[in-house]
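Welcome, and please open your viewer. We will walk from stop to stop, and at each one you will hear what to select and what is there.

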Amino acid sequence: MNDFVEEAVQAAAADMGTVQAAADAISGAIGQVKPLLSGQTWTGPAADAWEGDWNACYSAVLSCLNALPAAESSVIAGVQRQAEQFVTQHAAAARAS
Amino acid sequence: MSGSDEVGVDPGRLSQAASALENLRDVLAANVPTIVSIMNEYWSSGAGSPISLAALQQAQQRSVEDAAGMRSRSNLAQAFMAEAVNIDLVVDGQAYIPWDLKTVDAEDAELQAQQLATAVNSGNRAQIQAVEQDLEDHQDDKQWLADFWSQPQAASSTANLANVLNRQDGKGLNLLSASDQQILSTYARSVAAACQLGGLNTQQASELTEAFTNAASAHPWSTAMLLKYGPDGSAYGTGTGANLLAGVTRSVLDARENGQLTIPINIEQIDNGQHSKDLDQAVQNYDPTLTMLELDTQNKIAATQVLGGPNGGTYAYDLLHTPWARYLESEGPNNAQFLQAVNPDPNSEPQGPDIWSLLLNQNIVGSFLDAATQGTDPGKAPPIGTSPLDREAATAAMNIIENTPSTGTIVLSNQVRQALLDTFGRYLPDLAASVNGTYQGPNGQVLPAYVDGKYDGPYIFELPDDNVALQTFLQQIATDSSDAAAMQAAVLTSFSRAFGVQMKYGPSSAPSSDLANDLASLYGEVDTAEKNLHYSAAQQEDARNAALNSLVSIAESSLAVIPSPTDAVAAAAWNLQGCALPLIPQFSTDNAANAAAQFDSDEALRKIMVAVPMAQGLIAAGIVKPEPEWYQDGKINLNTPAASAAFQSWWEAEKGHDVYQLPTLYSPPGRAVPQNDQNTQTLETLWYQYGQGMQLAYQKDGQW
């Protein structure tokens, strides 16, 4: 039954690895844009306003991406807890019968 | 350049920013759905603590406009630097451009159209692809598309694209490479989107249609290939897009007829020689006529516009009389030999051994003819409607019928004959009214149907009084005996319904003053068509048997849709179209084995051919009560000697009586009061009148 828990955790960890890779790709793409959005590229209030708006939007994106690792760990822990509960209940039911 | 939001930019860094934003757009599109989907799946199962992912989805949404907008700004910056007049303004390598997207888009769209024109003229493929990328980025941006496609050179440049691309990498029988097709696809999708999204105002829409129509006159093959690799014809929509397709098709058909089409197959690059099967296939594949007919069929409204609009009769004539293409080798650039399509009429110049011809794909031609007459109903048996499109559909039907070639000139393909049969079914009342010319109005026109002096019905056409066109049309369909039987079955079924309704509510004004009589005459015209085609007596009898079997096999519930009595006959006329062709079965050749087998002579069969639909109509209208000996499950039963004898016995007992005083009169309430002599005739008098119209009743020794 320990295999069942281990397999569930491994599957969740693999999925979270996929999520993190996607998040890293997005972070990398944002990182390529940011240095180009500056006074070296344009000068003028309209462009500055657009830049501010863009930065605000992507600041929220980065916050979200930064929060993902904890959320991923929480998912893996949650999956482990659910699997262990399932095993415990299953064993109890087997004993009762 | 001036303006409150004018911005000084470094064109090089701006271009890098545009590229980085395009990359970010693509990365977000590829990865945000993955993150959202996986995390939501776990969270919904109770694992882990959810966090908001809304910021990711919002960023993905805005990234499309960010990338497209920055690319447009970059384009403007590059153009600013390239303009010699701006040299004095350039300080520290900075360009000055507007920033707000509306202005940027308008200027960028104009710039792209100019650059496309330059690129097409010079064959600059990279620039053509750069503009393609801009079109792709703005595929859903209706204002940008309207700005681009309303530039005067946009349509003419795009229409010439396939010619340019073909010259660059067309080889042998592959006239357009996969890369060429991709480019054409993007441009055509952009045209379709501009037509559909509604960004073009009325004048711009009209100018775009005219520009493509004119461009297709100059470059018929290239324009058709542009559209060929674009979206399905239905993607162009019902308004501007349909007009555009129809305009291009007219230009292509004109060019075909005038021998002005060139398919740029370089004969010298083909190893197998001129008449190889591969060459035939390539010609069909790259034929601009077939391309446009197929797109118009998918669009449907465009097909109707072509055959129901200006010169629709000429186009119908050309497709029906010369359903092939003729080609001649012609010298092109660098002394290479290209295929030149010449006038398809085999009697026209040029002629000679160098000319070869190829039948146009008849599935495509047949489907096009069929689509053109459908009107607002997508099916094969509509009540034809009252919209302007329906008027064009009726005009298209009339043009097809009037330009159907005689069987002595050409026997049309099965596919085209099927389209004619469908048209016959859709316009059955019109054809019936045309036989005796009973509908008001001049001859040979499409007219609005008037009921009680008011326009209150579908458009109706009336063919010329001499019935030559009608007879030619019917003969083409009747070249297949099962189709002849199908026509007779349809007419007989419709006659039955019209007779029943007229007996209940009296005659009407539209579409004819005596629709039952006109349908009887139409039946007679089909009979004449069979005789003109030299059907044997056995063949004609078999067709009659098939029609009779079809009639008696139709349950009362299918036939007894009796409309309200306000103008019942007119309403029935439109309803007739609902019981026309779809009810026609495919007949075997031994139908005499069934109902008709009970009649031991041709004369007896002729009698029953008229009596049965009349009886069926009276029963369906609730005027007489049928007897169970010959009527079961809503059908007249003639399948046994006893049932057949019982029906004939009933008929003999009834026929001498006034139709308003029949012995088995069932439910007269609501029945119209007789207004004229016709309504007070005996059943037998009417039988003889209709029988004569059907060419089934003759006097013999003073007896009918």
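**Stop one: two helices of chain B**

Select helix H3 (residues 101–122) and helix H4 (residues 125–137) of chain B, which pack at an angle of about 150° with their axes 9 Å apart. Helices here are DSSP runs of H or I with at least four residues, strands are runs of E with at least two, and both are numbered from the N terminus. Axes are lines fitted to C-alpha atoms, for helices over the stretch in contact, and the angles run from 0 to 180 degrees between N-to-C directions.

H3(B) and H4(B) are therefore roughly antiparallel to each other (under 35 degrees counts as roughly parallel, over 145 as roughly antiparallel, 65 to 115 as roughly perpendicular and the rest as oblique). The crossing of H3(B) past H4(B) is left-handed, meaning that the near helix is turned anticlockwise from the far one by less than a right angle; clockwise would be right-handed.

Now show side chains. From H3(B), B:Asp108, B:Gln112, B:Gln115, B:Leu116, B:Ala119 and B:Val120 meet B:Gln127, B:Ile128, B:Val131 and B:Asp134 of H4(B); contact means heavy atoms within 4.5 Å. An α-helix has 3.6 residues a turn, so residues three or four places apart point the same way.

**A word about the model**

This is a predicted model, in which local features need pLDDT of at least 70 and side-chain atom pairs count only at pLDDT 80 or more, while totals for chains, interfaces and linings use all residues. Residues are numbered from 1 along each chain as its sequence is written, chains are lettered from A and ligands numbered from 1 in the order in which they are written, and side-chain values use heavy atoms, with hydrogens and water left out.

**Stop two: chain B as a whole**

Zoom out to chain B, with its 28 helices and ten strands. Of its 704 residues, 58% count as buried (buried is under 20% relative accessible area, exposed is over 50% and partly exposed is in between, with a 1.4 Å probe and protein chains only). Among contacts in chain B with a separation of 6 or more, 77% are between residues 24 or more positions apart.

**Stop three: an enclosed helix**

Next, select helix H19 (residues 428–436) of chain B. Why is H19(B) described as largely enclosed by the rest of the structure? Eight of its nine residues are buried, so the description follows from that. The buried ones are B:Leu428, B:Pro429, B:Asp430, B:Leu431, B:Ala432, B:Ala433, B:Ser434 and B:Val435. Just after H19(B), B:Gly437 takes a positive phi of about 60°.

**Stop four: two loop residues**

Most residues other than glycine have a negative phi, and most peptide bonds are trans. With that in mind, select B:Lys300, whose phi is positive, near 70°. B:Lys300 sits in the loop between helix H13 (288–299) and helix H14 (301–308) of chain B, and is buried, with a relative accessible area of 16%.

Then try B:Asn467, where phi is also positive, near 60°. Its loop runs between strand S8 (454–462) and helix H20 (468–478) of chain B. Is B:Asn467 buried or exposed? B:Asn467 is buried, with a relative accessible area of 11%.

**Stop five: where chains A and B meet**

Select helix H2 (residues 45–96) of chain A and helix H1 (residues 11–44) of chain B, whose axes come within 12 Å and cross at roughly 35°. Residues making this contact include A:Trp50, A:Trp54 and A:Tyr58 of H2(A), with B:Leu21, B:Tyr42 and B:Trp43 among those of H1(B). H2(A) passes H1(B) in a left-handed crossing.

Stay with A:Trp50: B:Arg73 lies over the face of this ring, at 6.0 Å from the ring centre. A charge sits over a ring if NZ of Lys or CZ of Arg is within 6 Å of the ring centre and within 35 degrees of the ring normal.

Now pick A:Asp15, which belongs to helix H1 of chain A and is partly exposed, with a relative accessible area of 28%. Leaving aside neighbours within four places in sequence, A:Asp15 is in contact with B:Ile38 and B:Tyr42. The C-alpha atoms of A:Asp15 and A:Ile76 are separated by 9.5 Å, although the two are 61 residues apart along the chain.
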